[in-house]
Amino acid sequence: MEASVFGCRLDLLVRLYDTTTGAAVNENAIIFRKNDQIIRPEMRGIGTYVFINTGRENFLMHIKVNGFEEYETEVDYETLDSHLPALDVFLMPSENTFDGERFFSFSGTLPFLEAIEAVNLSRPVCMANSYDLKKNELSFFGVNGGRVRMDSVWYGLLRADKTGYEKLEVKANVTPSSVKLGNPLKEEVTSNLPVMRILIGRVGEDGTYLLRARNDGGGQVYLVRFIVDGREMFQTVDMNAPEQLHVCEAQAETVIENDDALAAEGSKV
């Protein structure tokens with residue numbers, strides 16, 4: 001009698017995060033759909049799910065989680081690691097929660113908008129200490145001398161003039177006071193620069209946008225980072241009395257010129 005051999009392959013790892021807190025989503029009422037078909041991945045820790053032997057064909061994933069806005073994304077394996085295809089999903093809490101939590105919602109429409117996110121200027125997670133370019137490691141210290149663990153994925157390193165921030169991808173905690181980054185930093189790092197967790201928003205194909213933050217009674221002044229026609233821009237927004245996103249005149253002219261140039265180039269094809 002011939003022996004049978006069964007192999008298992010991890011085809012996708014999905015990590016679910018609450019975009020307002022950066023914490024893993026601790027909720028069991030979750031429905032995953034693959035191209036409109038319900039699929040049942042295995043849970044491997046809070047907010048972490050694995051898909052075994054499901055195939056690696058690109059597909060449309062739909063995620064419905066109790067207490068959060070529904071989420072949909074294209075899973076493109078060409079953009080994922082072939083050895084460990086992993087997808088970080090940032091879920092936005094619904095305003096219609098059962099526990100009575102309150103939220104600020106910042107929404108509107110801006111033509112040519114591609115992405116939006118923000119950091120709370122009054123909520124630094126820690127302060128930068130130094131940066132080792134060779135190791136691509138950032139050291140830091142607590143705001144009040146306390147211990148810090150950077151468990152989220154994305155953080156913002158505030159510029160010295162506070163007009164913007166550099167986006168940091170944290171890959172791993174190296175020591176209790178240093179982390180390994182995903183990409184080398186482009187800007188100079190000086191001691192005492194605040195590091196803040198990034199709140200990720202959503203953008204529709206028509207330029208509609210939505211940012212949602214928890215109304216916990218603290219400071220609600222955010223530095224919003226948004227991408228318009230490939231250009232990075234920043235705007236300070238007070239969630240208590242938010243203004244709509246806007247592009248200054250000089251930036252608007254550049255965006256329009258770029259769009260006109262692309263349209264003219266397309267007409268030559």
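This is a predicted model: local features need pLDDT of at least 70, side-chain atom pairs count only at pLDDT 80 or more; totals for chains, interfaces and linings use all residues.
Close-up A. Residues are numbered from 1 along each chain as its sequence is written, and side-chain values use heavy atoms, with hydrogens and water left out. Look for lysine 162 in the loop between strand S13 (154–158) and strand S14 (165–175); strands (E, at least two residues) are DSSP runs, numbered from the N terminus. The phi of lysine 162 is positive, near 60 degrees, and the residue is not a glycine. Most residues other than glycine have a negative phi.

Close-up B. Though not a glycine, asparagine 53 has a positive phi of about 55 degrees.

**Close-up C. Strand S19 and its pairing partners.** Of the 8 residues in strand S19 (residues 221–228), 7 are buried, leaving the strand mostly covered. Strand S10 (residues 113–120) runs antiparallel to S19 and is joined to S19 by 7 bridges; two strands pair if DSSP finds at least two bridges between them. In this pairing, asparagine 120 faces tyrosine 222 of S19. S19 also pairs in the antiparallel sense with strand S20 (residues 231–238), over 8 bridges. Arginine 225 stands opposite phenylalanine 234 in S20.

**Close-up D. The hairpin of S19 and S20.** Follow the chain into the turn: 2 residues lie between S19 and S20 in this hairpin. Aspartate 229, in the turn, has a positive phi of about 55 degrees.

**Close-up E. Glutamate 117, buried in strand S10.** Glutamate 117 belongs to strand S10 and is buried, with a relative accessible area of 4%. Its side chain makes a polar contact with the side chain of lysine 167 at 2.9 Å; a polar contact is a pair of N or O atoms within 3.5 Å, where, within protein, one must be able to donate a hydrogen and the other to accept it, and residues adjacent in sequence count only if both atoms are side-chain atoms. Leaving aside neighbours within four places in sequence, glutamate 117 is in contact (heavy atoms within 4.5 Å) with residues including Tyr165, Ile198, Leu211, Leu223 and Arg225.

Notes. Helices (H or I, at least four residues) and strands (E, at least two) are DSSP runs, numbered from the N terminus. Buried means under 20% relative accessible area, exposed over 50%, partly exposed in between (1.4 Å probe, protein chains only).
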